[in-house]
Amino acid sequence: MTITNAAKKPVAKKPVAKKPVAKKPVAKQPVAVKAAAKVKPLKPAPLKQYKLLTGIDDSAFCERVCDHLKLGYELYGSPAITFNGKNNIVAQAIVLKKKHNKKKK
């Protein structure tokens with residue numbers, strides 16, 4: 001017995017519905033800002049009384065220490081140094097200088 005392929009009928013293709021193309025929103029014209037808008041100045045964050053600066057022993061760390069000294073901090077205690085297998089890690093404690101209140105006579 002021999003098996004023969006039956007003649008295949010061509011399948012009619014279904015029409016593909018086109019998806020609606022989404023239009024890009026048109027850019028809105030900028031709204032005029034009020035000329036007399038008042039902007040509140042931001043209050044600087046209060047300085048912490050004590051900080052421990054840590055980092056890799058390089059010029060950037062030294063610059064951070066100098067920046068804090070300019071802000072009114074002073075060195076507290078000795079610096080510490082350790083080695084993590086790749087870099088020297090340093091630490092320096094700093095404290096905010098106390099303001100001396102002058103008494104009126």
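This is a predicted model: local features need pLDDT of at least 70, side-chain atom pairs count only at pLDDT 80 or more; totals for chains, interfaces and linings use all residues.
Residues are numbered from 1 along each chain as its sequence is written. Local features need pLDDT of at least 70 and side-chain atom pairs count only at pLDDT 80 or more, while totals for chains, interfaces and linings use all residues; side-chain values use heavy atoms, with hydrogens and water left out.

Student: In what order do the elements of the protein chain run from the N terminus on?

Tutor: Helices (H or I, at least four residues) and strands (E, at least two) are DSSP runs, numbered from the N terminus. The protein chain has one helix and three strands. From the N terminus on, their order is β-α-β-β.

Student: Which strands stand at the edges of the sheet?

Tutor: Two strands pair if DSSP finds at least two bridges between them. The three strands form an open, antiparallel sheet in the order β1-β3-β2. Each edge strand has a single partner, so one side of it is left without a neighbour in the sheet; these strands are β1 (50-56) and β2 (73-83).

Student: Over how many bridges do β2 and β3 pair?

Tutor: β2 and β3 form a hairpin with four residues between them, and Gly85 in the turn has a positive phi of about 95°. Leu75 stands opposite Ile94 in β3, and Tyr76 stands opposite Ala93. The pairing of β2 with β3 (residues 88-96) is antiparallel, and its bridges number eight.

Student: Is β3 largely enclosed or largely open?

Tutor: A residue is buried under 20% relative accessible area, exposed over 50%, and partly exposed in between (1.4 Å probe, protein chains only). In β3, seven of the nine residues are buried, so the rest of the structure leaves this strand largely enclosed.

Student: Is His68 buried or exposed?

Tutor: His68 is found in helix α1. Contact means heavy atoms within 4.5 Å, and, leaving aside neighbours within four places in sequence, His68 is in contact with Lys51, Leu53, Tyr73 and Ile94. Because its relative accessibility is 14%, His68 counts as buried.

Student: How many disulfides does the count come to?

Tutor: A disulfide is a pair of cysteine sulfur atoms within 2.5 Å. The sulfur of Cys62 has its closest cysteine sulfur in Cys66, at 6.9 Å, which is too far for a bond. Cys62 is partly exposed at 42% relative accessibility, and Cys66 is partly exposed at 39%. The count of disulfides is therefore zero.

Student: What share of the accessible area do carbon and sulfur atoms supply?

Tutor: Accessible areas come from the Shrake-Rupley method with a 1.4 Å probe; for residues, only the protein chains shown count as cover. Of the 105 residues of the protein chain, 13% count as buried. The chain exposes about 11300 Å², and the share from carbon and sulfur atoms is 61%.
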